[in-house]
Amino acid sequence: MITLLDYGAGNVRSVRNAIRKLGYEVQDVQSSADILQAERLIFPGVGSYGSVMERLQRDGFVEALIERIKSDKPVLGICVALQALFEGSEESPGVAGLSILKGQIKRFAVDNLSVPQIGWNGINLHKPSPLFAEYNNEKLYFVHSYRATLAEEDHDWLLSTTNYGEEFVSSVQKGNVVACQFHPEKSGEAGLAILDKFLKGSTETVQVAPKSEATRMAKRVIACLDVRTNDNGDLVVTKGDQYDVRDSGEVRNLGKPVELASRYYQEGADEITFLNITGFRDFPMEDQPMIEVLERTSEQVFVPLTIGGGIREFTDSNGKEYTSLDVATEYFRSGADKISIGSDACYTAEEYLKTGKKTGKSSIEQISFVYGAQAVVISVDPRRVYVKSPEETDHHVIKTVVSGPQGEEYCWYQCTVMGGREGRDLDAVQLASSCEALGAGEILLNCIDKDGTNSGFDMELINMVKGAVSIPVIASSGAGSAAHFVDVFNETDAEAALAAGIFHRKEVPIAEVKQALRDDGVEIR
Ligand code: 1PR
């Protein structure tokens, strides 16, 4: 029996599912006494530093946690839980941590580094640990903007370091207390093996020699599932050509969401994204099938899950009001690690550009405040608008190699809402940079012109947006071959590349994409 400290923030379901998958039962902490008496305690880290500590304070768990750790009873802390061991964090100034370890958690502060770190990175072990007795140098999944370093006097805690712009502490261990910055429950089979060692209370270790070379972050390959209800009322994975998902009037049906997601996990996808493409008119809290898809997927898929569609304020048929934070919370609790905001991000960015003021009330700001920037993705749905000269518009214009229908040599990228149905007076650079300023942590950069065409990614768009933000960018739309992934990572600085059609139609397996990237020397998982 494993005891889980679920303090009501973010995706604790994935940890729960991973424990169950490994054959253990889970019981929740109900009181401080449970924290002290648990045989093995897992302290998952989801949410921002401040919200984690405030919830622990609210529930009166802080003292019990400190006592348990000081008396060396088995604890596994994950992500922010590692950070909570310190005295405080730049993320939430003035909020006291558990103060087991000296010092403050600081934000990554290296020039030209995309922050948050989102993705798969290695670790360098500094001492033997039972958790890593069978560890084989696989990459593990990290998602954070703040990182730990140890004070001289705490160096006996150092278990592993990782490099991302700088070297930081990726896990600590002293006796039976261990904490890791990466998410074992989201790190595929390698992560599950580490978790299993903790659950078993394994004591066997092997000697390790710290490596001198820095660890390297992998480029991610993401499988995307556009989901909607078809005309028979079934929730299906569909796929459009330039966002038109109908073929002879019927919604294309490319498979069942949970089955396809599981297949992509088995085939080596680094991440899975679900987009509820009719979310702009449906309401996720009433759209139980979508929630169920997420819940069932997270029982089988142990890599990060992103869900988008319908994240906005809503009043239901009974007059009950929901904030976008309520919707996001429901998604996180159902197994999502990140949520993606499309239409609502455009309206928010327009308002922000008009007033220059942060209200703290937008979806982006609220969700980022509670769950951390790394949990907020902005889905951008732009389409090219050609102009004869840059003077024709106030928008960010590029000189393009793909000239327009009238031979135009310039274009800008117009953002759209409602799945491309309505164009706005907003360009992709304006949207991405405004959302970054408001607290978004990642950009999912689609391209309507390229979607479903199999003609390769739009490098001009990706380079333009990537150059305007310092958060990670996922290149999306147009992948038609493994070579297109090689091209996008060679010709742009995108951190990840996403595809849908070629995976659904089994035209190019994920393994082939990974092999092509490996052959070309691109760092991958
Ligand atoms: O506006 O917050 O409710 O979110 C709606 C979400 O649904 C947005 O993220 C929007 O991108 C998405 N969406 C809406 N309509 C469509 C459509 O296709 N009719 N799909 C749609 C967007 C685009 C990509 C696709 C890539 C790769 N899908 O995600 O997976 O283009 O495709 P490819 O590899 O086959 O070229 P809100």
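Which polar backbone atom is 2.9 Å from an oxygen atom of the ligand? Select A500: a polar backbone atom of A500 lies at that distance of 2.9 Å from a ligand oxygen. It counts as a polar contact, a pair of N or O atoms within 3.5 Å (within protein, one must be able to donate a hydrogen and the other to accept it, and residues adjacent in sequence count only if both atoms are side-chain atoms).

Before you go on, know that this is a predicted model, where local features need pLDDT of at least 70 and side-chain atom pairs count only at pLDDT 80 or more, while totals for chains, interfaces and linings use all residues. Residues are numbered from 1 along each chain as its sequence is written, and side-chain values use heavy atoms, with hydrogens and water left out.

**Stop 1**

Next select D381, where an N or O atom of the side chain is 2.6 Å from an oxygen atom of the ligand. On its own the ligand has 770 Å² of accessible area, and the protein covers 98% of it (areas come from the Shrake-Rupley method with a 1.4 Å probe).

Now show the whole shell of 27 residues around the ligand, in which K239, S343, S379, D381 and D451 come nearest (a residue is near if one of its heavy atoms lies within 4 Å). Colour the shell by class and you will find 10 nonpolar, 13 polar and 4 charged residues. In this scheme Asp, Glu, Lys and Arg are charged, Ala, Val, Leu, Ile, Met, Phe, Trp, Tyr, Cys and Pro are nonpolar, and the others, Gly among them, are polar.

**Stop 2: strand 12**

Select E166, which lies in strand 12 (residues 166-174); strands are DSSP runs (E, at least two residues), numbered from the N terminus. Show F108, A109, V110 and R147 too, since E166 touches them, not counting residues up to four places away in sequence (contact means heavy atoms within 4.5 Å). At A109, look for the backbone nitrogen, 3.5 Å from a polar side-chain atom of E166.

**Stop 3: two loops**

Move to P116, in the loop between strand 6 (104-107) and strand 7 (117-121). A cis peptide bond joins V115 to P116, with omega about 5 degrees.

Finish at Q242, in the loop between strand 15 (235-238) and strand 16 (246-247). Phi of Q242 is near 50 degrees, a positive value in a residue other than glycine.

Conventions. Helix = DSSP H or I, 4+ residues; strand = E, 2+ residues; numbered from the N terminus.
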